[in-house]
Amino acid sequence: MHDQASLTSFSANEVALSIEFNSGFTSRFHWLWLRENCVCNKCHHPQTWERTVDTFLLDRDIRAKQIEISSSGEMLNLVWPDGHITAYMASWLLQHAYDNHDVNDGLPDAVVWTKESLPEKPSIDAAEVMETEAGVSTLIYQLKEVGFSIVKNLPPEIGMVEKLAQRVGYLRDTHFGIDFTVESKPQPNNVAYTSIELKAHTDLPNLETPPGIQFLHCLLADATGGESLLVDGFAAVQLLCQENPSAYEDLLRIPVNFRFVDKEWDLRWNSPTIRLDQKGRLEEIRYHNALTATRETGFDDMTKLYDGLRAFTQILRRKELELKFKLEPGDVMVFHNRRVLHGRAEFDPNSGSRKLRGCYVDCDQAWSKLRVSQAMNKL
Ligand code: OGA
Ligand code: ZN
Ligand code: ZN
């Protein structure tokens with residue numbers, strides 16, 4: 001669509017240039033923005049394409065002295081007071097239009113789901129991801145859109161999940177190591193390393209940046225119980241916002257104290273439960289009651305925080321939101337840890353073994369892979 005864009009008219013005032021596209025869409029662009037983003041080789045380094053123009057040496061009230069739309073309508077040509085020339089393609093301007101319009105980052109938006117609304121679990125065969133770039137893109141697309149995927153048939157051996165994760169990004173090291181084994185351990189430093197139920201949670205909210213994408217590879221699953229659980233946190237937040245707007249506002253605002261402590265570490269971070277991006281879209285959820293520290297919320301907010309978290313928790317635990325299934329050896333549950341909450345049912349360690357291998361990568365690398373594969377990294 002962008003490639004056919006052309007310009008039909010413009011009007012200028014002191015603040016901005018208003019441009020009409022052939023679709024009828026009109027968008028305003030600030031003069032300083034138009035000067036700063038000049039696509040010439042003097043304003044950006046010709047090889048690295050990093051910005052070389054010093055934005056803050058430009059006149060804050062700059063305004064082009066000549067404005068012209070090319071005869072085909074495909075270009076906007078500007079001449080600045082010092083004679084510098086800028087030529088923009090209409091398609092580029094449309095893609096970057098920021099006025100009353102979501103800048104299109106080219107990645108799929110989140111499609112929220114409940115157990116009922118999800119026709120089937122997104123899934124892909126491990127060989128496709130390991131051997132083809134298209135497979136990697138499909139997996140990342142699912143992670144961006146739905147927030148999870150079940151990768152099937154990855155040989156249930158130690159070391160395989162790391163290889164799969166490295167198709168998506170760099171392994172993220174944490175206090176649990178670059179990779180970890182989830183099983184019932186004699187001296188656990190984490191509730192996941194026991195056999196008890198884990199209610200829906202996000203991992204590592206006690207870190208400044210909790211890992212973006214989590215991989216859990218099932219190696220053994222013959223113990224009774226231990227079914228996995230996934231809940232779309234974005235769907236739960238939308239319900240909270242509709243049903244209890246003041247609880248929603250409180251969870252956006254009031255920080256929760258998170259902490260992981262063992263003999264080696266005392267890792268703490270404070271953050272609200274829900275965070276929005278700069279456009280007001282849902283960006284991140286942090287929720288793990290086991291990792292909440294002694295709360296230091298101010299007196300006036302303490303009850304609001306408890307009530308907000310209680311309301312959110314009651315939604316997260318609704319049966320219609322919970323997707324439950326048993327992982328089989330060879331399955332990898334891959335999910336967006338800052339959106340989709342995960343958990344598991346209690347299992348009986350005396351009835352058989354249950355063993356998962358896990359690791360993390362970050363979202364920025366995954367989304368980057370998708371852009372590069374779709375050639376969206378055009379300058
Ligand atoms: C974890 C976890 C779930 C499981 O290790 O973070 O939540 O299925 N494990 O054991
Ligand atoms: Zn320039
Ligand atoms: Zn977990």
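**Cavities, pocket and metal site**

Tutor: The second largest cavity has a volume of about 60 Å³. A cavity is, on a 1 Å grid over the protein atoms alone, a set of points where a 1.4 Å probe fits but cannot get out, and lining residues have an atom within 4 Å of a point. Grid points are joined across faces, edges and corners, and a volume is the space filled by probe spheres set on the points. The model is predicted, so local features need pLDDT of at least 70 and side-chain atom pairs count only at pLDDT 80 or more, while totals for chains, interfaces and linings use all residues. Residues are numbered from 1 along each chain as its sequence is written, chains are lettered from A and ligands numbered from 1 in the order in which they are written, and side-chain values use heavy atoms, with hydrogens and water left out.

Student: Which element gives the largest share of the lining of the second largest cavity?

Tutor: Among the residues of this lining are Cys218, Leu220, Lys326 and Arg354. S11 and S22 each supply at least two lining residues; strands (E, at least two residues) and helices (H or I, at least four) are DSSP runs, numbered from the N terminus. The largest share, 3 residues, comes from S11.

Student: Which residues lie closest to the centre of the largest cavity?

Tutor: The largest cavity holds about 280 Å³ of space. Strands S10 (198-201) and S20 (340-344) are among the elements that give two or more residues to its lining. Of the 24 lining residues, the closest to the centre are Ala192, Leu198, His201, Asp203 and His342.

Student: At what distance from the zinc ion (ligand 3) do its protein donors lie?

Tutor: Donors are N, O and S atoms within 2.8 Å of the metal (3.2 Å for Na, K and Ca); water is not among the atoms, so sites may look incomplete. Asp203 sits in the loop between S10 and S11 and His342 in strand S20, 139 residues apart. The protein donors of the zinc ion are His201 (NE2), Asp203 (OD) and His342 (NE2), and their distance from it is 2.1 Å.

Student: Is His342 buried or exposed?

Tutor: Buried means under 20% relative accessible area, exposed over 50%, and partly exposed in between (1.4 Å probe, protein chains only). Asp203, at 12%, is buried. His342 has a relative accessible area of 4%, so His342 is buried.

Student: How many charged residues are in the lining of the second largest pocket?

Tutor: A pocket is an open set of points with protein on both sides within 12 Å along at least five of seven lines. The second largest pocket has a volume of about 720 Å³, and Lys144, Asp277, Arg281, Leu282 and Glu283 are the closest to its centre of the 26 residues that line it. Ala, Val, Leu, Ile, Met, Phe, Trp, Tyr, Cys and Pro count as nonpolar, Asp, Glu, Lys and Arg as charged, and the others, Gly among them, as polar. The lining has 8 nonpolar and 4 polar residues, and the number charged is 14.

Student: What kind of aromatic pair do Tyr287 and Phe312 form?

Tutor: Rings of Phe, Tyr and Trp (its six-membered ring) pair if their centres lie within 6.5 Å; planes under 30 degrees apart count as stacked, over 60 as edge-to-face and the rest as tilted. Tyr287 lies in the loop between S17 and helix H8 (299-316) and Phe312 in helix H8, so the pair ties together parts 25 residues apart in sequence. With 5.8 Å centre to centre and 85 degrees between the planes, the pair is edge-to-face.
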